[in-house]
Amino acid sequence: MSNNLSYLDQEHGTKTVFHNFGELNKVPRPSKNEGKVLAYLENWVIEKNKMRADNDKIELIKDKHEGETSYNIILRKKATKGMEDRQSVCLQGHIDMVCVSDNTKPNYDFDNLPIESYVDGDWIKAKGTTLGADDGIAIAMGLAIFESTDIPHPALEMLCTWDEESGMTGAAKLGTGLFNSKIFVNIDSEKEGVFTIGCAGGINTDAQYKYEADAVPANTKPYKVAVSGLLGGHSGIEIHAGHANASKILTRVLWDAAEKFDIRLSTFDGGVKHNAIPSSAAAIIVVPEANTAAFEAYMVAIENTVKKEFEVVEKDLAIKAEVMSEIPYRVCSKEFQFKLIASFYAVPHGVLRMSPNPGTKGLVQSSTNFAIVETREDSIYALTSQRSSVASEKINIMNKVRASFMLGGAAVSSTDGYPAWEPNASSAILKLAESVYEKKFNNKPVIETIHAGLECGLIGEKYSGLDMLSIGPNLEAVHSPAEKLQISSTQKVWDFLLELLKAIPVK
């Protein structure tokens, strides 16, 4: 395993940031199954407290809720000498990660196996899986500050939330009165030198289509039709980048093939996470033997057509039809197949509106992600994710998606969602952070709102009066096996964070 990153701390003066990140990557932490990482963090506090004076212990609070196996934790640490009169600060990050593997590690057991991280030049990457720097690097930075004995800081709190990636459950269930700080620094942004002060709200909409089955027609040949090699990526951060959606491409292929070659669909599966653009999708179909030659020729042609459409963005896109050795035990009825594919074709995906506000020019205002399709024993399930910085638009887009599913005969439901984090351009912590950054690096930071979702909106609803800021190092291709963390930018964020803590004003 390649998770010993301690030498990077010596090279970059980051105390134990990279060491802690490497150790975290030894601990499984998929969304909704955070038990192992929670146990790790609790044991970490116990071990660190063995080396601390009685009046300098790290305090750990559990935010447990009935019926939940995962929970938020809050760490507390007293101010260092001479900083007792400063305002307290709460740092925040989430302990879970998106778990996606590539074809070198199919069916990777994220519940039990570690992430194998390694260094490639100025980047930390993972072997065949997502890296988990979103948001493991936030936890690693927080732990590095909490275990230190020589970093000046005011009284500190650290909120570690669970299940951010699949629904912000930890933030939604966060209890009240668990932390006291009014200054709140989220470390879940992904561009160094950029201060995030607002984000879009989001909601998920899913559909259950009752599987209506027919016997497999005689004189047919089974095929697996697969779309693969796509970039995928985060459906908030990269929705505007023009990345192809594998499930939408597969839907297009199935629609054409059904009309031209009378194919019959057995299964459709694509995507893995609500906030990841699907990078692969596959369907099992049967084709009348009289049409197989024409179908195979069509598959070559459609691959060339779609490759040309996405040639600038998707260099490794592939659409293949592979003959299967076994015939499926059922196919969809013709009527059900038509309704399913037609409604999938109608479901919107991608950017629906850019912000018309001159102050947020170039920002995606509203979008939706056709995220997951899964064939089950009695149904075909689909999940989508809508985002908007305008609450009414979020609901309007949700209803468009619901209508598309309902026209296909599906039973549809939507989550409660999470609110947008409204930007506060006059924020005191923002002004202080700008001043500290400019003095430290002789350069002004970029101030922005983002289309991705952050927990700040939900947390701000529960803890009124928070002065919030989000920062983070450079991350690329999050929510995909190409995810990587830039080492030099992590050092800059660390240096900035320490300077910011030293500059926190008096109460």
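Guide: The largest nonpolar core has 66 residues, and Phe 21, Ile 124 and Ile 471 touch the most other members. A nonpolar core is a set of buried Ala, Val, Leu, Ile, Met, Phe, Trp, Tyr and Cys residues joined through side-chain atoms within 4.5 Å. Buried means under 20% relative accessible area, with a 1.4 Å probe and protein chains only. Helix H4 (residues 133-147) gives the most to this core, with 10 residues. Helices here are DSSP runs (H or I, at least four residues), and strands are E runs of at least two, both numbered from the N terminus.

A word on the model. It is predicted, so local features need pLDDT of at least 70 and side-chain atom pairs count only at pLDDT 80 or more, while totals for chains, interfaces and linings use all residues. Residues are numbered from 1 along each chain as its sequence is written, and side-chain values use heavy atoms, leaving out hydrogens and water.

Now look at Phe 21. Leave aside its neighbours within four places in sequence. Phe 21 is then in contact (heavy atoms within 4.5 Å) with Leu 5, Arg 29, Ile 124, Leu 131, Gly 132, Ala 133, Gly 136, Ile 137, Ala 140 and Leu 485. A second, separate core has 43 residues, including Leu 250, Ile 319, Phe 370 and Val 412. In soluble globular proteins, nonpolar side chains tend to be buried together.

Next, Ser 70. This residue sits in the loop between strand E1 (59-63) and strand E2 (72-77). Ser 70 counts as buried because its relative accessibility is 4%. Its C-alpha atom is 8.4 Å from that of Gly 170, 100 residues apart along the chain.

How values were computed
Buried means under 20% relative accessible area, exposed over 50%, partly exposed in between (1.4 Å probe, protein chains only).
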